[in-house]
Amino acid sequence: MQLWEQDGGSDAHADAFADIEELVQRCQYRDCTHGKREHGCAIKSALARGELDAGRYENYLKTGRELARIARKEQIAARKNLTPAQNRLRNKQERRSGKHSSQSWE
Ligand SMILES: [Zn+2]
């Protein structure tokens, strides 16, 4: 018996596609695209054996892309939050310190 307790994981998506997530983790390639040219890919062989429904996998990919897009949006928003005016200030400081115009006398 197995319990799927993943706190803080990403929620509904992971739940609905738990079996696919497992296959992804079993896949030997770290950055596998699980696509056309991946030999030995767990996803691909599951698809080939009919253990994984292609339509569901499509769905999984689509949902994953959606999540990635949302995550990226949040990242951009967070960066924007950081600094319009502060950025300008930092640029000024960098320019000044790059010049080495004032040296300390000994
Ligand atoms: Zn793969």
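**How are α2 and α3 oriented to each other?**

I began with the helix pair. The axes of α2 and α3 come within 7 Å and cross at roughly 125°. Axes here are lines fitted to C-alpha atoms, for helices over the stretch in contact, and angles run from 0 to 180 degrees between N-to-C directions. α2 and α3 are therefore oblique to each other. Under 35 degrees counts as roughly parallel, over 145 as roughly antiparallel, 65 to 115 as roughly perpendicular, and the rest as oblique.

**Ground rules**

I noted that this is a predicted model, where local features need pLDDT of at least 70, side-chain atom pairs count only at pLDDT 80 or more, and totals for chains, interfaces and linings use all residues. Residues are numbered from 1 along each chain as its sequence is written.

**Overall layout**

I found five helices and zero strands in the chain. Helices (H or I, at least four residues) and strands (E, at least two) are DSSP runs, numbered from the N terminus. The pattern along the sequence reads α-α-α-α-α.

I looked up confidence next. pLDDT is the predictor's confidence in each residue, from 0 to 100. The chain has a mean pLDDT of 76, and 69% of its residues reach 70 or more. Where pLDDT is low, the predicted coordinates should not be read in detail.

**Back to the α2 and α3 contact**

I listed who touches whom. Two residues are in contact if their C-beta atoms, placed from the backbone, lie within 7 Å. From α2 come Leu23, Val24 and Arg26, and from α3 come Ala42, Ile43 and Ala46. By class, the contact has five nonpolar, no polar and one charged residues. Ala, Val, Leu, Ile, Met, Phe, Trp, Tyr, Cys and Pro count as nonpolar, Asp, Glu, Lys and Arg as charged, and the others, Gly among them, as polar.

**The core**

Which residues form the largest nonpolar core? I wrote down seven: Ile20, Leu23, Cys41, Ala42, Ile43, Ala46 and Tyr60. Such a core is a set of buried Ala, Val, Leu, Ile, Met, Phe, Trp, Tyr and Cys residues joined through C-beta atoms within 7 Å. A residue is buried if 20 or more other C-beta atoms lie within 10 Å of its own, exposed if 12 or fewer, and partly exposed in between, with C-beta atoms placed from the backbone. Both α2 (18-26) and α3 (42-49) give two or more residues to this core. The largest share, three residues, comes from α3.

I then checked isoleucine 20. Leaving aside neighbours within four places in sequence, isoleucine 20 contacts Leu52, Tyr57 and Tyr60.

**Single residues**

I stayed with α3. Ala42, Ile43, Lys44 and Ala46 are buried there. Serine 45 also sits in α3. Serine 45 is partly exposed, because 16 other C-beta atoms lie within 10 Å. Just after α3, glycine 50 takes a positive phi of about 80°.

I ended at asparagine 59, in helix α4 (residues 54-82). Asparagine 59 is partly exposed, with 14 other C-beta atoms within 10 Å. Its C-alpha atom is 9.3 Å from that of phenylalanine 17, 42 residues away along the chain.
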